[in-house]
Amino acid sequence: MKILVTGGAGFMGSNFIRYVLNKYPDYKIINLDKLTYAGNLENLRDIENNPNYTFVKGDIAKTEDVDRALGEGADVVINYAAESHVDRSILSPRAFLDTDIFGTYTLLEAVRAGKAKKMIQISTDEVFGMVHNVNEEFTEETKFDPSSPYSASKAGGDLMANAYWRTYKTPVIVTHSCNFYGAYQYPEKLIPLFVTNLLENKKIPVYGEGNQFREWIFTEDHCRAIDAILHKGEAGEVYNIGTRNRKANIEITKFILNYLGKDESYIEHVADRPGHDFGYAVNPDKLIGKLGWKPETNFEDGLAETIEWYKNNESWWKKLKSKEYQEYYEKNYASKK
Ligand SMILES: NC(=O)c1ccc[n+]([C@@H]2O[C@H](COP(=O)([O-])OP(=O)(O)OC[C@H]3O[C@@H](n4cnc5c(N)ncnc54)[C@H](O)[C@@H]3O)[C@@H](O)[C@H]2O)c1
């Protein structure tokens, strides 16, 4: 099987590429990535010389880049590429529209033209807006109600995928997942930010009282979910990917503090994010019942493994948090709204 993975130099894309190359030694992967601040080829150092892996630098929103990456064609496009950080979307929404909406459209057009046989759109539970308590869950039928420019852009891409299926029968599957955690996550997101700040003896910023809750999936479990959808999923279907591991941000914060032997004086309560969703909770019963997937990683074990990874890979994250890198980012990226 030949798979075009977009955004494969990012957090989850790189984990998925490694998973596929290990599990299916005869599959071929092409990784199309623009290498934004979040794209890092060091995430793939251990597999970059694998003969079944090819990297193409390019933008999913540019037809010529997508065509170049697809070459003679592919069996499937799996679209991990995105602008993915809510806080950045609040500061500068433009790049989110370009990649998450226009980029998704460009890939759908390639599939519609027959350059790939199908597409899997990797999306988020944030398109559904929020739940107000832990007994409410998003199903595949829940209406979209996004709150941030990030989730609105993802919803735009997902709606376009749905429209391409209905209008042209373009074979596309949309997935809505809860939050990922694990190795190689850029240290701006809650878990890697808190772990790396504490390893540097710095404070950790908790929004408000930290009562907002999220649902969490370990990288390996998400890879297995996409594996099941790749091999058994039906075109035109939507699958929610969830674990029912729901935790308030403050619970995770306390777990990390405790694991690293720090006390609560490291917590700095900061003003809440504007439009902050209170909670996300995903009903994964369709994926479990129809495709036989289930999550296997206990949250505390996965979180401990993740913290250990950041402890053992300081050079990976220290570079990303360095002043030089942040200056490079400001110069080349942040100002381009
Ligand atoms: N991180 C989460 O918790 C989470 C949860 C649910 C869904 N998702 C979705 O999963 C996907 C992957 O998330 P992630 O956290 O690994 O993201 P990430 O930010 O770590 O990586 C995104 C990758 O996409 C690349 N990219 C960005 N714009 C591009 C463009 N125009 N063309 C080509 N490449 C481009 C970046 O260089 C980077 O390598 C995203 O679509 C995101 O919306 C993420």
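The crossing of helices α2 and α4 is right-handed. To see it in this predicted model, select residues 63–70 for α2 and residues 94–112 for α4. The two helices pack at an angle of about 50°, and their axes are 10 Å apart.

Now show the side chains where the helices meet. On the α2 side, pick Thr 63, Val 66 and Leu 70; on the α4 side, pick Thr 106, Leu 107 and Ala 110. Sorted by class, this contact has 4 nonpolar residues, 2 polar ones and no charged ones.

Next, go to the core. Select Leu 4 and Val 172. Within the largest nonpolar core, which has 81 residues, these two touch the most other members. Then select residues 149–168, which form helix α5. This helix gives the core its largest share, 6 residues.

Stay with Val 172 and look at what surrounds it. Leaving out residues up to four places away in sequence, Val 172 touches Leu 108, Val 111, Lys 118, Met 119, Gln 121, Ala 161, Tyr 164, Trp 165 and Ala 235.

The following stops are in loops. Most residues other than glycine have a negative phi. Select Tyr 184, in the loop between β7 (179–181) and α6 (190–199). Tyr 184 is not a glycine, yet its phi is positive, about 75°. Is Tyr 184 buried or exposed? A residue needs 20 or more other C-beta atoms within 10 Å to be called buried; Tyr 184 has 23 such neighbours, so it counts as buried.

Move on to Asn 201, in the loop between α6 and β8 (204–207). Asn 201 also has a positive phi without being a glycine, here about 65°. Why does Asn 201 count as exposed? The limit for exposed is 12 or fewer C-beta neighbours, and Asn 201 counts as exposed because it has 8 inside 10 Å.

Select Lys 202, which is in the loop between α6 and β8. Lys 202 has 14 other C-beta atoms within 10 Å, so it is partly exposed.

Key: Residues numbered from 1 in each chain as written. Predicted model: local features only at pLDDT ≥ 70, side-chain atom pairs only at ≥ 80, totals over all residues. Helix = DSSP H or I, 4+ residues; strand = E, 2+ residues; numbered from the N terminus. Core = buried A, V, L, I, M, F, W, Y, C linked by C-beta atoms within 7 Å. Contact = placed C-beta atoms within 7 Å. Axes fitted to C-alpha atoms, helices over the stretch in contact; angles between N-to-C directions. Left-handed = near helix turned anticlockwise from the far one by under 90°. Nonpolar A, V, L, I, M, F, W, Y, C, P; charged D, E, K, R; others polar.
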